[in-house]
Amino acid sequence: QVQLVESGGGLVQAGGSLTLSCAASGRTFSRYTMGWFRQAPGKEREFVATIPWNGGTYYADSVKGRFTISSDNAKNTVYLQMNSLKPEDTAVYYCAARRRGSAEYGYWGQGTQVTVSS
């Protein structure tokens, strides 16, 4: 089992920045691919960014160049640095973990609200 707890959400003006954190516990963090997803009101949950267990980072086109995903294996924590925020980035942001060899993200956090005002 992996437990994920997000933090760092809040209210920010357009053009501002926020950093989300996701603390993981329960298993060896480095064996999991970690991802960030978001869900805006009335919309489906969408992929934001991922950092695979074997390296590299990948982003949705809508956040590429503005968001940065990173991890600190010693702290079992993954981060999402969000810059140049736009009102359309407003959503509940979820951290998720996918076990090595698994096709799906099987572990999810409770989510943290990010609201960007215009």
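Which residue in strand 8 stands opposite Asp 72? Thr 77 does. Before going on, a word on the model. It is predicted, so local features need pLDDT of at least 70 and side-chain atom pairs count only at pLDDT 80 or more, while totals for chains, interfaces and linings use all residues. Residues are numbered from 1 along each chain as its sequence is written, and side-chain values use heavy atoms, with hydrogens and water left out.

Back to the strands, which are DSSP runs of E with at least two residues, numbered from the N terminus. Strand 7 pairs with strand 8, residues 77-82, in the antiparallel sense over six bridges; two strands pair if DSSP finds at least two bridges between them. In general, strands of a sheet pair through backbone hydrogen bonds, either parallel or antiparallel.

Both strands belong to an open sheet of four, in the order 1-3-8-7, with antiparallel pairing. At the edges are strand 1 (3-7) and strand 7 (67-72), each pairing on one side only.

Next, Arg 38, which lies in strand 4, residues 32-39. Is Arg 38 buried or exposed? Arg 38 counts as buried because its relative accessibility is 5%, and buried means under 20% relative accessible area with a 1.4 Å probe, protein chains only, whereas exposed means over 50% and partly exposed is in between.

What does its side chain touch? It makes a polar contact of 2.6 Å with the side chain of Glu 46, and another of 2.9 Å with that of Asp 89. A polar contact is a pair of N or O atoms within 3.5 Å; within protein, one must be able to donate a hydrogen and the other to accept it, and residues adjacent in sequence count only if both atoms are side-chain atoms.
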